[in-house]
Structures are given as C-alpha cells and as structure tokens.
Amino acid sequence: MSCSVEEPTMTVAEKRAKDRAVHVGFCCKCKTAKSTITVRYAEYCDPCFLIALDSKFRTALRNARPYRVITPENVMLAFSGGPSSRALVHLFDVFHSLPPEVATNKKQPKIYNDIHVCHIDESCLLEPSQGQEPQDITSSRSTMEQARSIAAGYDYSFHGVAIEDIYDPEWTDSRCFEAVATLITSLPKDQLATSGQAPELLARIIPTSATSPSEEDAPKLSRQEKINKLKALLGACMTLTAKETVLQHFRSSLLIQLAKRGQCTILALGDSATRVAIHIIELTAIGRGYSLPHETSLLSSWVQDCKVIRPLKDCLVKELDTFCGLNDLELIEHHNAQLDWTMKTKAEVKSIRKLTDEFITGLDKEFPSTVATVCRTAAKLTPPEATYDQKCPLCLGPVQAGVQDWKRRITVTTAPGEIVTTTSSNAETETKESSYGCCSSDASGCCSSSQRPSCTSQQTTTTTTNSSTSTSFSSLLCYGCLTNLRDLDLKSMASQEDSSDESMSLSSSSFKLPPYVAETIVHRMGFASLDEFDHRFMDAAPATAVDPQENLRAQIQEFLIASDDEEE
Amino acid sequence: MSQSNTTLRIELQFSGGMELLFDNQKTIHAKVPAFFPLDDSAEEKHAATIRDLISWTASNLLKERPELFIGADGSVRSGILVLVNGADWELEGELDYELEDRDEIVFISTLHGG
C-alpha cells in the first residue's frame, strides 16, 4: 500500500471512530457500559471485549479448518507459558466445552477429538541470576512443572520436553537416530581469514554410540552432556540473530515431533497478529522469504501428516495480554530464553528480530493499522511448490533449487585483486555441487555426472572411514539457513585438510548438529536409515580408494571431450 | 504550598517481563509526590500526571536498562501497555492523566515471545 492510499484509509478509520464516538467513553458494542479497552479505534467494555475476542478466535478456527468434519482430529497446543499461548489454551477450552444441555441434546461430533498441550522447557539456556550457581538453574527455574499443572487444570494431557533433548536420538522421525552431524569447512584454517570466499560446509555423520562409551540401555547422553552440546552450538553462533534463528528451528522441530507423538494431526501455535507481522518482516530480512508463507499463514500443510494452524493470527498481542489479565490466567514468567538474552546482553547488541520488533511496535503506536496491513499483505502469498522430502536439514522448510549458485552470483566476498585465485576454487565447488544435485534434480545441471555423491569428491572418500564420511551440507540447505550459517564461528570447525587425521577431526570440531539434522541429511541423500548409510560407505570407500586419479577422470570426463571437440 | 509535601499512594504492577527491570517485583506500593516538578523553587506546580509518574518511577524504582522502559518523548516505550485502574490509559488521556490517591497502574510488556 503506498502512502497516498494510506492516508485516506486513516481518515476513514478515524471517521468510523468518530461515528462510534456518539457514545463517547462507552463501549462500541453495548453502548451502555463505560469503555475500558481500546483495540485500534474501537472501544470496548470488559464483557464485550471478551465476546469479541472469542468470536474472532472462532472465526479464525473455522477458516483454518471447516467445521463440518467427518473424523475429528486430535490437536496439539504449543504452550510456551507466555500470554499468547496461554490465551490459546484458554480459548480452546472455552471453544471446546459445550454447555451440558447442548452436549447431551445434539449428536454432533466433536470438531476436535482430543486436546493435548505441549511445552518446551528452555530453562537450561537461561542465564544464571545473581548469586546463583549455574548448576542450580535447571532444577530451580524449570518451567515444566508449572506448565504441567496449568494443563492439568484443563484436564488436557500434557507432553513436555526440554530444549536440550533436541540432541537425544529419540527426538527424530525414526525415534532412534543415533548420530549427530559435525560441520567441517572445505577451506584450511589459515585460508579462512585471507580468502573472502565463503567456504563450502561439509557435514560428517558421527554415530553417537561410538562417541559415548556408556553401555546401559538407559539414556545414552546425560542431561548435562546434551546441554553442553546445545550451548556449544549456540556459542558458535557469532550473532544473536543466528543464535535465535537456530533455536527457533530446534523449537519447531521439537513441536512437530511432540505433535506426532501425541497422535495429533494438527499443531496449533499461539502466534498473535503482532508476532506474525514482526515475523514476516524478520523472515524477509534474514532471507527466509521462500518458506515465509508456511511460517506465517493461518493454515500450513507443509509438514507431512501434521497441519500447523495459527488461530490467534487476527488478535493483537495487546488483546491477548488484556485477555489473560481479565481472566486472571497464570503465566510462566521465564518462559523463553530470548527474553532473557535481551535482558542480559548489552543494549547495543540487537538481533534482527529485536530490531523488527521495535520497528513494528513503534510504527503501530502511531499507525494502529500497521500490524493488520503487514499481515494482510503477506497472507496473499502462496506457498512454494516444493516437496517435503526435499526439506532443509536444519529448518525442515522448503528448499529452492539453485540456492548456492544464486548466492554466489549476488554476493561480493572478495576484493577484485583476488579474483584469479578464487575462480579456480569456484569452479571446483561448482563441479562438486552440481553433481550432488543442489536440492532438486533440475539444479543447474551443467555437469550431468551420474555418479554417486560420495565418489565425486575423491579427496573426501579416500581420507576417511565410514564413521566420518563427509557430505556436502551447504548444498542441502535452504537459502535462509545457508545465509544464517555464515554467522557460525568457522575457526571452531575442523577443515577438510585436517580431516586426514581422524582422531583430531573428531575432537577439534567444538559443536555438533543434533540427530534430526543428521537424519534429514541421510534421508536427503536417499538412504532410508543410518545402517543403510553406513553400509554404503563401507562398500564405497575401498572402491574409490583404488585409483583416485581414475575417479577424478571420470568426474571431469565430459568436459575433456567437450574441449577436444572444440579443438578439432 | 503545604500541599506540595503530600504524597499519593499508588499501586504499581509490572508483568510480561517488565518485572525483570524492577528487581522481579510484580507489585510495588509507591508513595508518589502529588505535585510536580519536585524542585521547590519551581514557580508553578501541577498535579502529578502519568508522565511525571513514568519519569519518577524510572529514576526511583527502575533497577536496570532504562531504555527498555522509557521511550522517546518521556512516555513508556512502544509495546508497553498501561492500564489505569483496569482501563486502557488511552481512554484516560494517556500521559496527561492526573493521578489520584490509591490508583492502580499496571505496566505490561508486550515484547515477550510466546
């Protein structure tokens, strides 16, 4: 909407406000009670406000999912403990509990079968408050019990998980994917500083059973180990934006797992209109425009077997706060780590989310239709046609074809003088990458080598054994994640050069990506399970080791012939 | 000007993360001067308004990070809801609302995630 259009809209809204103002100071609905709440230009009294919010919620629910359903589905409510999700739980309860006379008279099926509530405990990421030992936090500030008791108050079944459980092999699609992924760079360490070229990231699947010697069947990893791993990864993120984004991916991965475990085919999130508007701008800024429709729409069917709905998408955060206040709903105070990071980091350290937050709320103060305008505009976006199998290993979102090529073309990372040296490495990565198949079969196919991924990079396969075979990670990522991972501290990663010394590469990489990432990588490469993946590499490794030269020749054969033809 | 020494009993409540700025206190019973400016030499004094309350709170009660509480023009930061005796302050004249004894002022931060 351009500025010239915006202004008449404002006056219309103001006019409407004026019309309503016949009963100045009184509720615009009942016109008898004194108004206590203003929502944009409308004034309400408490009872009328509650009715209005409830009907807003019902409308959104009906739009997300038609009422006339044959088989009622189970729904999982994502409950963080903040006002929005707290309101979601309460509104769902009001919606779902019929007055007894209606429930007995009509033989209508319930629209939602079972309502479950899930909670992710992030207390391990909270900074220790003054005078508190770091070890005490997990126990004393855990939000799990409080969330459980709130859910119990509604008689809903409760599912809880701690954020560090993202490192548990159990929290994957196969529920026992015992491997993590480490990242290594394609450039040696000393070149990282000098070469402006963004290094190619390679992933290495490492079975967790090999690294943890404990033999009991009980949890392979202790809680503290998982927390350390998570902290190591977040610590390797050099910007607050990267940190928040990675955490958000873990959160959504866990939520989907929780929903699937609870036999729920619908996952309801408590995103308010304000939050969605902030999210829209933020996602655009961090390069996640491709998956934006899925991450902000009222209904997203991206995740297989689990629809994601946002029934509070039309409610402003102000309305939800007021709603919680009026109903005296119990909130969990320290419910997310981000808030804590904001409080504890210095004022000048700001993430993109924080900046957009300020931008939107600041604008909304002067122009109360900002949030609605942003949301309405983004609601027109249609989700991309990508297949769920080809999801990004990190964010589980859709991946656009030719991401790396595109990024290379639009990014200037080297000073003009260095171009000679980088073009050769460019060509090198390009060959490697295109034979991997960037993300879908039609990716920039200049090299139609039909060889299996492992064989193309002979350097990798010859120097490693089955447990530490590296695969290209960058080429599997979506644009947003590829961009985000540039904020990782590369110096803490092992480089491909170092990897010849295996023991060193295993220990030198200071952080690991959780099992669900490793699982997706293996799936994206076309293997059904970790075993299958392992076997293939045991077979493949000796074969390529026989004659790397021959292998290289096969890889570039097409180009050789092409150049011969030209000469003749 | 004997009145200038009197104070108003105001109940301040903080939630939605605001309490973190006030040493985790959710409720503060404050005795707020009834007339501003506080400087005795000032010629004209006016009854305390929310504008005065905000700056008074910031200098007397706030423990950390003033930029998360106070915004431009001496108001609270955008994204903070203010309720005066349970009603939205926009309906009460916002910054110019004159405080009365035993008023209940609620500050809710909407800058939370969830």
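A residue counts as buried if 20 or more other C-beta atoms lie within 10 Å of its own, as exposed if 12 or fewer do, and as partly exposed in between, with C-beta atoms placed from the backbone. By that rule, buried residues make up 43% of the 568 residues in chain A. This is a predicted model, in which local features need pLDDT of at least 70 and side-chain atom pairs count only at pLDDT 80 or more, while totals for chains, interfaces and linings use all residues. Residues are numbered from 1 along each chain as its sequence is written, and chains are lettered from A and ligands numbered from 1 in the order in which they are written.

**View 1. The largest nonpolar core has 120 residues.** Such a core is a set of buried Ala, Val, Leu, Ile, Met, Phe, Trp, Tyr and Cys residues joined through C-beta atoms within 7 Å. Met76(A), Leu77(A), Leu267(A), Cys478(A) and Ala518(A) have the most contacts inside it. Helix α10 of chain A (residues 240–261) gives the most to this core, with 9 residues; helices (H or I, at least four residues) and strands (E, at least two) are DSSP runs, numbered from the N terminus.

**View 2. Here is Leu267(A) with residues that it touches, including Met76(A), Leu255(A) and Cys306(A).** Touching means C-beta atoms, placed from the backbone, within 7 Å, and residues up to four places away in sequence are not counted.

**View 3. Helix α13 of chain A (residues 317–326) is largely enclosed by the rest of the structure, because 9 of its 10 residues are buried.** Among them are Lys318(A), Asp321(A) and Phe323(A). The cover includes α2 (46–64) of chain A and β5 (80–84) of chain B. Just after α13(A), Asp328(A) takes a positive phi of about 55°.

Conventions. Contact = placed C-beta atoms within 7 Å.
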